[in-house]
Amino acid sequence: QGRLVESGGGLVQPGGSLRLSCASSGSIFNTNVLAWFRQAPGKQREFIANMTRGGLANLADSVKGRFTISRDNAKGTVYLQMSSLKPEDTAVYYCNTDHFDYYTGRTYTYWGQGTQVTVSS
């Protein structure tokens, strides 16, 4: 069984910074693509960023220039460094991967439990 566990959320003032972590474990340890999504109250879950094991990264336009994604392959962990936070960044942030299982030939989607980020003065 694979697992994703997020940490690092909390309350931060507008303009502040926060770093989220997502640790992968089990059968999906250090899987190829690890991603971040977020879901604000009353809104659909949206893509924020992802990074491959080889270091290729993609970020949503809404966070470019403010958020960066990085990963430590030895730890199987992906990070989301968030800066210049705005109230509209308030959401539950989820870690995600679509993991291809070579034994079954199927792709399985995994989600973490989410971590709350609240940007408020």
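The legends below describe close-up views of a predicted model.

In this model, local features need pLDDT of at least 70, side-chain atom pairs count only at pLDDT 80 or more, and totals for chains, interfaces and linings use all residues. Residues are numbered from 1 along each chain as its sequence is written, and side-chain values use heavy atoms, with hydrogens and water left out.

View 1. Arg-66 sits in the loop between β6 (57-59) and β7 (67-72). Strands are DSSP runs of E with at least two residues, numbered from the N terminus. Arg-66 counts as buried because its relative accessibility is 13%; buried means under 20% relative accessible area, exposed over 50%, and partly exposed in between (1.4 Å probe, protein chains only). Leaving aside residues up to four places away in sequence, Arg-66 touches Gln-81, Met-82, Ser-83, Ser-84, Leu-85, Lys-86 and Asp-89. Contact here means heavy atoms within 4.5 Å.

**View 2. Asp-89 and its two arginine partners, Arg-38 and Arg-66.** A salt bridge is a side-chain nitrogen of Lys or Arg within 4 Å of a carboxyl oxygen of Asp or Glu. Asp-89 forms one with Arg-38, with the closest N and O atoms 2.9 Å apart. This pair links distant parts of the chain, 51 residues apart: Asp-89 is in the loop between β8 (77-82) and β9 (91-101), and Arg-38 is in strand β4 (residues 33-39). Asp-89 also forms a salt bridge with Arg-66, at 2.7 Å between the closest N and O atoms. Here the two residues are 23 apart, Asp-89 in the loop between β8 and β9 and Arg-66 in the loop between β6 and β7. Asp-89 counts as buried because its relative accessibility is 0%.

**View 3. The salt bridge between Arg-38 and Glu-46.** The side chains of Arg-38 and Glu-46 meet at 2.6 Å, N to O. Arg-38 is buried, at 6% relative accessibility, whereas Glu-46 is partly exposed, at 33%. Arg-38, Glu-46, Arg-66 and Asp-89 are linked in a network of salt bridges. The whole structure has 4 salt bridges.

**View 4. The largest pocket, about 210 Å³.** A pocket is an open set of points on a 1 Å grid over the protein atoms alone, where a 1.4 Å probe fits, with protein on both sides within 12 Å along at least five of seven lines; lining residues have an atom within 4 Å of a point. The volume is the space filled by probe spheres set on the points, which are joined across faces, edges and corners. Among the lining residues are Ser-27, Arg-53, His-99 and Tyr-103. Strand β9 gives the most to the lining, with 5 residues.

Definitions and conventions:
Helices (H or I, at least four residues) and strands (E, at least two) are DSSP runs, numbered from the N terminus.
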